[in-house]
Amino acid sequence: MVDTTELEQDYKFVRFIINRVVPFSYILKKLGHSDNIGGGIFCPFHDDENHPSAKVYRDRDGDRLWCFSENKMFRPADAIRLKLLKTSYSTVFNGIWSRLPEHRQEELLKDYEEFSQLDKSAFLPEGWDDLYKELEKFKYGSIGIEGVKDLLSDFVIRD
Ligand SMILES: [Zn+2]
């Protein structure tokens, strides 16, 4: 097993792995929601019993849940952060990491390395910091698209 003792202290790494490995279908099942991943589902992140307003998308980065009603995107780790699942990042991480085959662990570590390099990229234009912070909030669902739209267009059209 690939040793991650140091990385486990970094919640970014733990979130990254959870987002990559834990599918929304598993989370939805745990919550007693329909796990009809291909179609519309009830968003587990807000109270709505009337109509399905969310959809799950999957790519090599893991699952994303888009809620059309809230205009927000959620990742699997958000179900822990927002306490939908009564567990902790480290409990989930420890549960999944040890079960992954070593080649998969190595692959994930390599992906994480690339991801954190991107994160630290030094060649960013002025004003990027503010935009980046807002985009992060959007990514983790704490603000809607409206919150970043103006900032984004300012950033793109300024000269
Ligand atoms: Zn929602």
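Two strands pair if DSSP finds at least two bridges between them, and the legends below use the word in that sense for a predicted model.

**Figure 1. Overview of the predicted protein chain, with its helices and strands.** The protein chain has seven helices and three strands, and from the N terminus on these elements follow the order α-α-β-β-β-α-α-α-α-α. Of the 159 residues in the protein chain, 19% count as buried. Among the contacts with a separation of 6 or more, 48% are made by residues 24 or more positions apart.

**Figure 2. The hairpin that joins strand 1 to strand 2.** Strand 1 (54-59) and strand 2 (62-67) are connected by a hairpin through two residues, and they pair in the antiparallel sense over six bridges. Within this pairing, Val56 has Leu65 of strand 2 as its bridge partner, while Tyr57 stands opposite Arg64, which also belongs to strand 2.

**Figure 3. The largest nonpolar core, with 23 residues.** The residues with the most contacts inside this core are Ile17, Ile18, Ile27, Ala54 and Leu65. The elements that give two or more residues to the core are helix 1 (11-21), helix 2 (24-30), strand 1, strand 2, helix 3 (78-81) and helix 4 (89-97), and helix 1 gives the most, with five residues. In soluble globular proteins, nonpolar side chains tend to be buried together.

**Figure 4. The surroundings of Ala54.** When residues up to four places away in sequence are not counted, Ala54 touches Ile41, Phe42 and Cys43, and also Leu65, Trp66, Cys67 and Phe68.

**Figure 5. Asn71 and Lys83, two loop residues with positive phi.** Asn71 lies in the loop between strand 2 and strand 3, and its phi is near 60 degrees, a positive value in a residue other than glycine. Asn71 counts as partly exposed because it has 14 C-beta neighbours inside 10 Å. Lys83 is placed in the loop between helix 3 and helix 4, and its phi, too, is near 60 degrees and positive in a residue other than glycine. With 8 other C-beta atoms within 10 Å, Lys83 is exposed.

**Figure 6. Helix 6 (residues 128-139) and the glycine just after it.** At 1.5 Å a residue, the twelve residues of helix 6 should span 16 Å, and the C-alpha atoms at its ends are 16 Å apart, which agrees. Just after helix 6, Gly141 takes a positive phi of about 80 degrees.

**Figure 7. Predicted confidence along the protein chain.** The mean pLDDT of the protein chain is 85, and 90% of its residues reach 70 or more. Among the elements of the chain, helix 3 has the highest mean pLDDT (95), whereas helix 7 (residues 146-157) has the lowest (71). Where pLDDT is low, the predicted coordinates should not be read in detail.

Methods:
Residues numbered from 1 in each chain as written. Core = buried A, V, L, I, M, F, W, Y, C linked by C-beta atoms within 7 Å. Buried ≥ 20, exposed ≤ 12 C-beta atoms within 10 Å, placed from the backbone. Helix = DSSP H or I, 4+ residues; strand = E, 2+ residues; numbered from the N terminus. Contact = placed C-beta atoms within 7 Å. pLDDT = per-residue confidence, 0-100. Expected span 1.5 Å × (residues − 1).
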